Amino acid sequence: MKIYYSAILMLLSLSVYGQDDLYWFSDDLEKTFVQDSTKDKSWRSQMAATYYSISGNYRSGLVNWDKMFGREMKLSKADSLRYSKLTPENAKDYILSRAGDEKIIIINEAHHNASHRTFASSLLQGLYDKGYRYIGIETLSDKASFGTGKFATQESGVYSQEPEFGNFIYHALKIGFKLFPYDARGNGKEREIGEAQNIYNFMQDNKEGKYLIYCGYQHAYEGVHPSWEKTMAARLSDMTSINPFTIDQTRFSEKSDPKYNEPLIRIVNRKEPVILKDESGTVYNGEDQKLYTDVRIIHPVTRYIKGRPGWMLDVGRKFYKIPKSKITRSPLLVLAYRKGEFEKKGIPADVIELKNTKDPRFLILDKGTYDIIIRNREYKVISRFEKTID
């Protein structure tokens with residue numbers, strides 16, 4: 001699976017630069033990944049998209065992914081008629097209403113799309129209230145031992161270095177979830193079996209609650225895969241004799257250009273993530289009958305507010321405007337770490353790049369106390385101050 005290889009290659013590539021420079025200026029990302037003519041287009045697209053995402057540049061993550069994988073989508077008359085008969089329902093409300101009757105929920109993400117992690121975070125408290133106690137996270141490494149430290153670190157995993165993923169892990173631990181890794185070596189069928197086996201083994205020793213499994217892309221799909229035979233989700237179902245509640249976030253999620261978006265996104269045109277039901281009240285999960293999930297979420301196109309993605313505010317966070325007196329030069333990277341996490345190589349709660357002194361200088365943060373770290377073009381810390389968000 002090419003995306004899995006990219007994660008390994010990213011670890012190898014970034015080790016050259018040292019762990020203190022996980023969050024990069026756009027110019028450096030462009031030179032290192034986008035303009036690297038020694039690598040093929042697929043590698044460059046995936047690497048750039050993922051690492052733009054990790055560095056807090058959501059828009060550029062979408063753009064670079066679509067350089068390789070963007071496909072112009074057109075709406076047929078038959079699809080238009082079919083879609084017009086579907087009724088939207090709030091996705092979060094639907095998932096939580098159904099969660100009480102489930103034992104295992106499997107929800108996926110696109111690894112370059114941080115909004116999927118924000119949506120997953122919005123489910124956490126509701127799931128905990130309905131008896132969910134364990135979260136399996138694909139990206140977690142074997143070094144991801146949280147102990148008394150209730151936050152992710154740079155060693156916790158690859159994709160979890162991205163701020164919204166770090167926030168997801170922070171809130172899960174704060175609520176009281178037990179997190180565990182389950183990824184497996186190998187490729188294709190071998191990996192799917194290994195992932196399912198690792199989850200199953202964990203379940204045998206941890207039975208005091210229900211399970212949320214967080215994964216990438218098609219690992220959440222049920223049915224028959226063209227090359228894997230069965231996915232992790234389907235194999236876990238076989239091992240446990242439990243039919244998991246599977247949720248896809250990737251199919252109907254925004255792209256960098258409207259022409260690449262699934263027409264259904266435009267037709268639904270809602271401000272919040274929704275699922276769709278047909279005239280009989282049955283959930284619409286797409287047209288593919290061989291490879292499917294129980295639910296497909298239709299995510300809205302991002303609204304930008306003060307230069308930041310509006311969905312970052314959907315989980316109760318607030319804007320914090322960096323004082324103009326702190327912006328004495330440009331470009332700068334501004335990172336907000338929860339108090340005490342910077343020295344322990346934690347993951348910032350938010351990061352922005354200021355290319356010039358006129359750029360909007362807004363972080364989006366939960367309530368709490370933060371160390372605001374400002375780095376110059378050479379990645380040196382030139383300013384540090386504390387800020388409490390009430």
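Two strands are taken as paired if DSSP finds at least two bridges between them, and the legends below apply this criterion to a predicted model.

**View 1. Strands S15 and S18 pair in an antiparallel arrangement.** Strand S15, covering residues 332-338, is joined to strand S18, covering residues 368-375, by six bridges, and because at least two bridges are required, the two count as paired. Within this pairing, Val-334 has Ile-374 of S18 as its bridge partner.

**View 2. An open sheet is formed by four strands.** The strands follow the order S16-S15-S18-S19, and their pairing is antiparallel. Strand S16 (350-354) and strand S19 (381-389) stand at the edges, where each has a single partner strand, so that one side of each is left without a neighbour in the sheet. On average, and with direction ignored, neighbouring strands of this sheet are turned by 20° against each other.

**View 3. Phe-165 and Tyr-214 form an edge-to-face aromatic pair.** The structure holds 18 aromatic pairs; in the one formed by Phe-165 and Tyr-214, the rings lie 5.7 Å apart centre to centre, with 85° between the planes. This pair links distant parts of the chain, since Phe-165 belongs to helix H8 (residues 163-175) while Tyr-214 belongs to strand S5 (residues 210-216), 49 residues apart. Both Phe-165 and Tyr-214 are buried.

**View 4. Four aromatic residues are linked into a cluster.** The members of the cluster are Trp-24, Phe-33, Trp-43 and Tyr-51, and the links between them are ring pairs.

**View 5. Two arginines lie over the faces of aromatic rings.** Arg-98 lies over the face of Phe-245, at 4.1 Å from the ring centre. Arg-338 lies over the face of Tyr-170, at 3.7 Å from the ring centre.

View 6. Along its principal axes, the C-alpha trace of the protein spans about 60 × 50 × 45 Å. For 390 residues, a compact globule would have a radius of gyration near 21 Å, and the value for the protein, 21 Å, agrees with this. Of these 390 residues, 55% count as buried. Among the contacts in the protein with a separation of 6 or more, 72% are accounted for by residues 24 or more positions apart.

Terms used
Residues numbered from 1 in each chain as written. Predicted model: local features only at pLDDT ≥ 70, side-chain atom pairs only at ≥ 80, totals over all residues. Heavy atoms only, no water. Phe/Tyr/Trp six-rings, centres within 6.5 Å; stacked < 30°, edge-to-face > 60°. Helix = DSSP H or I, 4+ residues; strand = E, 2+ residues; numbered from the N terminus. Buried < 20%, exposed > 50% of the residue type's maximum accessible area, 1.4 Å probe, protein only. Lys NZ or Arg CZ within 6 Å of the ring centre and 35° of its normal. Axes fitted to C-alpha atoms, helices over the stretch in contact; angles between N-to-C directions. Rg over C-alpha atoms; globule rule 2.2 N^0.38 Å. Contact = heavy atoms within 4.5 Å.
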